[in-house]
Amino acid sequence: MSTRMADSLAYRHLWTAPELDRLFEERGRLQRWLDILAALARAQASLGIIAAESARLITEQADATRLDLDRIAAETRHTGHSTLGLIHELQRTLPAPAREHVYYGATVQDLTDTWFGLVSRDVGTLVGRKLWALEGSLLELAATHRDTVMVGRTHGQPGAAITFGFKVAGWADELRRHQDRLVEGRGRWAVGQLAGAVGVLGFFGEDRLELRRRFCAELGLDDPGISWLTSRDRIAELAHVLAMVCATLARVGGEVYELSRPEIAELRETQPRGGVGSITMPHKHNPEGSEHLDTLSRLVRIHACLLLEGMDQQHERDGRGWKAEWVSLPEVCELTVTAVDLAGRVVDGLEVNPAAMAGNLSAGGADLHSEQILAGLSAVRGKHAAQVLMAEVEASGSVRSQGWVAAVAARAGLEQEQVAAWAARPATGAAAAMVDLVLDRASAARLEKKQTHEAE
């Protein structure tokens with residue numbers, strides 16, 4: 001029986017990503033913990049701290065499929081200790097000498113923080129790969145609609161003309177920065193933890209720092225240099241980068257949500273075959289995906305805030321914020337990957353209506369050319385004087401009866417043809433040129449990344 005929506009057979013697809021089951025599903029998480037214990041044993045054996053045979057046996061038996069999860073859970077509840085049930089279950093599979101070398105000199109936080117390092121590495125890589133694909137779809141869309149003119153809106157109201165490609169290029173460029181953040185942050189996040197009781201590795205002898213270095217290397221993680229038992233900035237930073245990713249996706253979803261309203265009708269989500277918008281209003285074509293991107297982002301941002309709170313810790317170990325990470329970090333990761341996947345489906349199935357875009361622009365009439373009229377009048381009267389004059393025209397109400405061209409011409413004592421020429425200037429400015437810049441920059445970055453991967 002499930003008590004959380006994320007565990008529901010019917011609804012888990014809305015909140016979780018199957019690719020992360022191996023990290024966060026119970027047996028998958030325990031397997032990662034066992035991998036960490038095996039890596040620690042091998043590192044210790046390489047320095048003669050424990051017997052090589054013990055390391056071999058621990059590695060051989062570190063298989064979560066052989067463990068009794070019910071017994072682990074029962075002993076965890078009985079002892080009140082986070083990992084003693086797992087330790088004892090692994091010990092049951094080992095001969096006497098090797099049993100004493102399980103978890104040798106390590107603490108719960110050495111295990112779970114190192115697991116966080118692995119999660120950070122793997123989730124960061126996965127999200128980066130998915131953002132790469134999503135960026136590619138957006139770049140194609142931006143190129144296709146480089147010159148598709150539409151209304152630009154400010155404060156929710158029609159402002160001046162832009163192109164749809166300009167809007168989409170802005171989304172793609174933002175995702176490019178998130179990819180850069182994920183790459184730049186990896187060296188800070190993907191680190192191990194071997195600290196011992198209070199962080200000074202007091203249990204071990206003179207090789208203690210070399211032990212930590214070898215332990216981290218066994219797992220493909222960086223050595224942190226200094227223990228980070230109560231330094232939780234790594235977790236908070238990763239969570240906030242993922243929250244920023246989701247906030248961008250929510251912004252994209254919000255645009256689709258608004259522009260798909262029938263009275264605007266510039267965009268529309270493709271409804272999946274068999275999809276039902278409303279069981280009581282059959283005419284509805286709801287933007288379900290775009291809407292859900294906002295929901296996912298809200299949840300991620302809240303969990304990211306909780307992980308930021310976790311940075312406020314006391315002394316050399318503090319379970320309050322640290323244990324909250326056990327709940328919030330997996331949620332941030334699951335919800336983010338779910339959001340990126342959903343955004344990909346929304347973008348790939350997006351229906352663009354250039355005719356509606358042109359129609360909405362025409363419906364705005366000369367109002368949407370007020371910036372061009374202001375620019376022309378500024379060259380004649382000065383910018384601030386022109387702004388005052390046009391404000392007076394707007395306040396007089398003459399725009400509503402005459403339109404901007406006639407009203408400004410009358411107020412300024414100019415020929416209507418001159419004002420009309422200003423209004424007729426290309427309204428989209430450098431929109432197309434900026435789309436080209438984004439496309440060129442992204443193309444260069446993507447080519448460099450591809451060549452780097454091929455070289456590796």
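Arg29 pairs with Glu26 in a salt bridge, with 2.9 Å between the closest N and O atoms; the term means a side-chain nitrogen of Lys or Arg within 4 Å of a carboxyl oxygen of Asp or Glu. Both residues sit in helix 2 (residues 26-46), three residues apart, about one turn of the helix. Helices here are DSSP runs (H or I, at least four residues), numbered from the N terminus.

This is a predicted model, where local features need pLDDT of at least 70, side-chain atom pairs count only at pLDDT 80 or more, and totals for chains, interfaces and linings use all residues. Residues are numbered from 1 along each chain as its sequence is written, and side-chain values use heavy atoms, leaving out hydrogens and water.

The count comes to 35 salt bridges.

| Pair | Distance |
|---|---|
| Lys130 and Asp341 | 2.8 Å |
| Glu325 and Arg232 | 2.7 Å |

Glu325 lies in helix 12 and Arg232 in the loop between helix 9 (208-218) and helix 10, so this pair ties together parts 93 residues apart in sequence. Glu325 is buried at 0% relative accessibility, and Arg232 is buried too, at 1%. Buried means under 20% relative accessible area, exposed over 50%, and partly exposed in between (1.4 Å probe, protein chains only). Arg29 also counts as buried, at 17%, while Glu26 is partly exposed at 45%.

There's a network as well: salt bridges link Arg22, Arg32, Arg121 and Asp122.

How values were computed
Helices (H or I, at least four residues) and strands (E, at least two) are DSSP runs, numbered from the N terminus.
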